[in-house]
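Look at the sequence and the model below. The report that follows goes through some local features, residue by residue.

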Amino acid sequence: MAARSRGGNPCSNSFPLIENSCCARPRNPAASTGFPHYRMETAAAAGCAPKIGFLRVLQHNTRTRYLVKMDLKSVSSNKSFGGYQKVYEHFSPTLQCTMKFGIYLPPGVSENEKCPVLFYLSGLTCTEQNVITKSGFQKYAAQYKIIVVSPDTSPRNCNIPNEDDKWNVGSGASMYVNASQEPWNKHYQMFTYITDELHQLVLKSFPVIQDKISIFGHSMGGHGALLCALLNPGKYKSVSLFAPVCNILNSPTLIDGLKTLIGEEKETLQKWDTTCLVKTYDGPEMEILIHVGSDDEFLTKDLLIDNFVKATNERKDNKIKTTVFLEDGYDHGYYFISTFIEEHFKFHSSKLSL
C-alpha cells in the first residue's frame, strides 16, 4: 500500500400505493406528502385528521396477494443542494425495534426520473446523523444524481442488559452481523436488516432504479459494506470504503465485541470476517476502492487492510480488484472522509452508469 502524491498538496418500475394514515385517496398535484415525487389530497379536503408526519407504504406481495402496511414517520426534512435530506423512522420486524434512516433525494428525482441508490454504513458509536452532518456528501449526491441511504448502526432501546455500557458492542455497535447469542439474537440481526428489509423498503418506497445499487462505509461500516457485498454476490454494482475494518478476527480491540454477538467458535467467527470471506468469494468480478489516512490511529492494529489486500492478491482468478490510497497525514475521522468523498461518488457513478 503506497502513499499517493497529490501534486504537492498531498426490478419493478411500479411504486407502492401511498396513503395517509387515516384513509387512502388519489394523488393530487396540489399537495405534497413530503416525498418530492409523491402527491396526495390534503387531509382537510378528505375530511379526516391524519397522524402528522406519517406515510403508509402498502407493499403488494404478488405471490400471496396481500398488502403489508409499513408506517414511515417523517422525522426531518431539509433542503440541501437543490434536493432534500430526510430522516425517517419505522418499526423493523427484523430487529423488533424502531429504527431511523437518512435518505438524500437529489433535485429532480421523481417517478419519471429515477436514480441509482448508494447505501452508506457508519462506524462504531455513530448514528445515521454522522455522515449527514459531517461529510458534505449531499453536494456530490446532487451533482451525480444518486440517492443516498444512511441507516442507524444498531438496534436501540431494546432493554438488553448492558446494551449501552460498551462502545464496541451494543447500541451503536452491531458489527453488522446477525447475532446468534442470547440475549442479543432477538434484536441484533443487522445484516438481514441492511441487505433485505431496509433494501426492499427503499426500493419499494422511493424512485430508485432497481438494478443500480451500490454500497460504501467507514470503519466498522466498511466492514459491514464488505460483508454485504461478499455475502451477496452481484447485489451491489460497486463497493468503496473509508478506513475499513478488514480482519476483525485479528483485531485485539474489536474481537471481543464480535464474540459477544456470535460466540467463540472459530468457524462461525470466520464467516463474519471479510479477509476470510474474500478467499472463498464466488461471484462476479468486484472492484473495491479504499481510502485510509497514514495517521489513522487504528490502521496497523485494528483495520488490518494489508491482510485483506494480501488475501485478494492470492486469489488466482483475479475476481477481486482492490485499489488502496494511503493518504498522507489524515486520521480516522470525518475531516478525512469529507476530503475524499467526492472521489467515491465519481467511482460509484462510473459503475452505476454502466
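In which loop does H332 lie? H332 is in the loop between β11 (320-327) and α11 (334-352). Helices (H or I, at least four residues) and strands (E, at least two) are DSSP runs, numbered from the N terminus.

This is a predicted model, in which local features need pLDDT of at least 70 and side-chain atom pairs count only at pLDDT 80 or more, while totals for chains, interfaces and linings use all residues. Residues are numbered from 1 along each chain as its sequence is written, and side-chain values use heavy atoms, with hydrogens and water left out.

**The surroundings of H332**

H332 is buried, with a relative accessible area of 10%. Buried means under 20% relative accessible area, exposed over 50%, and partly exposed in between (1.4 Å probe, protein chains only). The side chains of H332 and S219 make a polar contact of 2.9 Å. A polar contact is a pair of N or O atoms within 3.5 Å; within protein, one must be able to donate a hydrogen and the other to accept it, and residues adjacent in sequence count only if both atoms are side-chain atoms. Apart from neighbours within four places in sequence, H332 is in contact (heavy atoms within 4.5 Å) with H218, S219, A243, D296, E297, F298 and L303.

**Aromatic pairs**

Rings of Phe, Tyr and Trp (its six-membered ring) pair if their centres lie within 6.5 Å; planes under 30 degrees apart count as stacked, over 60 as edge-to-face and the rest as tilted. By this rule there are 15 aromatic pairs. Two of them are set out here.

| Pair | Type | Centre to centre | Angle between planes |
|---|---|---|---|
| Y140 and F345 | tilted | 6.5 Å | 35° |
| F216 and F345 | edge-to-face | 6.0 Å | 85° |

**Helix α6**

Which residues of helix α6 (residues 255-262) are buried? They are I255, G257, L258, L261 and I262. These residues cover an arc of only 160° around the axis, which puts them on the same side of α6. The arc is that of the directions from the helix axis to the C-beta atoms. An α-helix has 3.6 residues a turn, so residues three or four places apart point the same way. What covers the buried residues of α6 includes α7 (266-270). Just after α6, G263 has a positive phi of about 95°.

L261, which is in helix α6, is buried at 0% relative accessibility. Not counting residues up to four places away in sequence, L261 touches V169, A173, S174, M175, V177, A179, S180, Q181, W184 and Y188. L261 and N178 are 83 residues apart in sequence, and their C-alpha atoms are 7.9 Å apart in space.

**Backbone details in loops**

Y176 is in the loop between β7 and α4. Phi of Y176 is near 60°, a positive value in a residue other than glycine. Y176 is also buried, with a relative accessible area of 3%. P183 is likewise found in the loop between β7 (147-151) and α4 (190-205), and a cis peptide bond with omega of about -5° joins E182 and P183. F81, in the loop between β3 (66-80) and β4 (83-92), has a positive phi of about 50° although it is not a glycine.

**Cysteines**

How many disulfides does the structure hold? The structure holds zero disulfides, a disulfide being a pair of cysteine sulfur atoms within 2.5 Å. For C97, the closest cysteine sulfur is in C158, 4.2 Å away, which is too far for a bond. C97 counts as buried at 5% relative accessibility, and C126 is buried with a relative accessible area of 8%.
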